[in-house]
Amino acid sequence: MGINKFGLWLMAWGCTIALLSQNPIIRDQFTADPTARVFNGRMYVYPSHDILAEEGKGRPGWFCMEDYHVFSSDNLTQWIDHGVIVSQNDVLWGDSTSYSMWAPDCVERNGKYYFYFPANNRVVDATGRKGFSIGVAIADHPEGPFVPQSEPIQNVRGIDPNVFIDKDGQAYLYWSMQNIYVAKLKDNMLELDSEPLIIANLPDKGLKEGPFVFERNGLYYLTFPHVENNIERLEYAIGKHPMGPFEMTGVIMDESPLNCWTNHQSIVHYNHQWYLFYHQNEYSPNFDKNRSICIDSLFFNADGTIRKVLPSRRGVGITPANATIEIDRYSAIGGSSAKIEFVDSLNVFKGWKTVFHHASDWIQYNAVDFGTSQFKTIQLKAFAPKGGTLQIRLNSIDGPLLGEVKVPSGSDWTLVEANLTNLKSGVHNLFVKTTHDQWIEVDWLNFK
């Protein structure tokens, strides 16, 4: 297809890839520990970057992370990969063989962007251990280029840095290492302005890490992953000052249904809606050290408490009708045997497919934008060994019929089209259903 306005915009930015996605939002690499920030009206996400360890490169069977990318979007659906912004090879004080570039953060101050990251020290300390320190890299733009400082922040040992700047301009650094710590930062954003303080009143039992602090209506929310039972869930405490005291309040997200041992969060307000960024391991269900970042909407109760978030495949954002719509990232699924499988289990980044077996099977995909409804046909990438028919309906399982697509019998994927009827302008939900007991697989669909 030709280059559209979005493609021209990408070329102007010098970016190499655009990712059109639901959950997980990054579809060509493993990502974890997402810190989301809004800069200049765009959403930026600074995650860690999981890769597979091998002999001589990390510790096989464990987390392996050598660099950081940054991604951005103005609609939470189309994501730009701005490439590597910091590598372990760029950090003079760090051990470039440790592959331990864990959860980062980034904030803006006085026109500069400060990227905070943990790394193993190159030099052994007085205790005989290398240990973790927190480094800072500085840039003039949120996507970089970032220049790491030659030394880490003094008097800080730990991981998972988070920086919160209060309304009065005071900046605070939070980090974790068995406990969760807080200290004031100097105006230069590179030095502590107070002694580290262990945040009290948090659970004593079970690992806690990954602090992320935000403010809403005069309340300060300290959020963090915690192993209350078997694996991490996302919890939070509320206080009236950035340094506490905090009172444990509730659970943001329960333990992962995919049994991912870790989780890591950030919470941000964007275009009149709050969002929870987190990670799970849907691209790697049998190895939870390769994770993927996701977004879901977050809501508050009238008393300021957070409503529990259920992880979804659909995620957030409005999908353009002419985009590749991955219905396997569904809003709802039903019937006796509809299911989701990898397109290619040996190359998981090819994504998933929806498999229909019986006439009762259906899938729902919400929030597709048809604009002014100038579309004429629907196109599917599908596979049906004995042939079959799919109906695409609008807004409900028995809603207006947009098209009936006949998939020919065959032994491989095929592109099929059908004419559209009853199409309305605006944003609508799609329902895809079978008409008979037929084996049909669908990779994606779009409108033309």
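Salt bridges, taken as a side-chain nitrogen of Lys or Arg within 4 Å of a carboxyl oxygen of Asp or Glu, number 21 here. The model is predicted, so local features need pLDDT of at least 70 and side-chain atom pairs count only at pLDDT 80 or more, while totals for chains, interfaces and linings use all residues. Residues are numbered from 1 along each chain as its sequence is written, and side-chain values use heavy atoms, with hydrogens and water left out.

Let's start with K112 and D140, whose side chains form a salt bridge at 2.5 Å, N to O. Because K112 sits in strand β7 (residues 112-120) and D140 in the loop between β8 (132-139) and β9 (147-148), the pair ties together parts 28 residues apart in sequence. Strands here are DSSP E runs of at least two residues, numbered from the N terminus. K112 is partly exposed at 34% relative accessible area, and D140 is partly exposed too, at 46%; buried means under 20%, exposed over 50%, and partly exposed in between, with a 1.4 Å probe and protein chains only.

Other pairs are buried. R233 and E235 meet at 2.7 Å, N to O, in a salt bridge, and both residues are buried. K289 and D288 form a salt bridge at 2.8 Å, N to O, with K289 buried at 15% and D288 at 16%. Elsewhere, salt bridges with shared partners join E282, R313, D328 and R329 into one network.

Finally, visit N162 in strand β10 (residues 159-165), buried at 1% relative accessible area. Its contacts (heavy atoms within 4.5 Å) beyond four places in sequence include R37, D105 and Y172.

Note on methods
Helix = DSSP H or I, 4+ residues; strand = E, 2+ residues; numbered from the N terminus.
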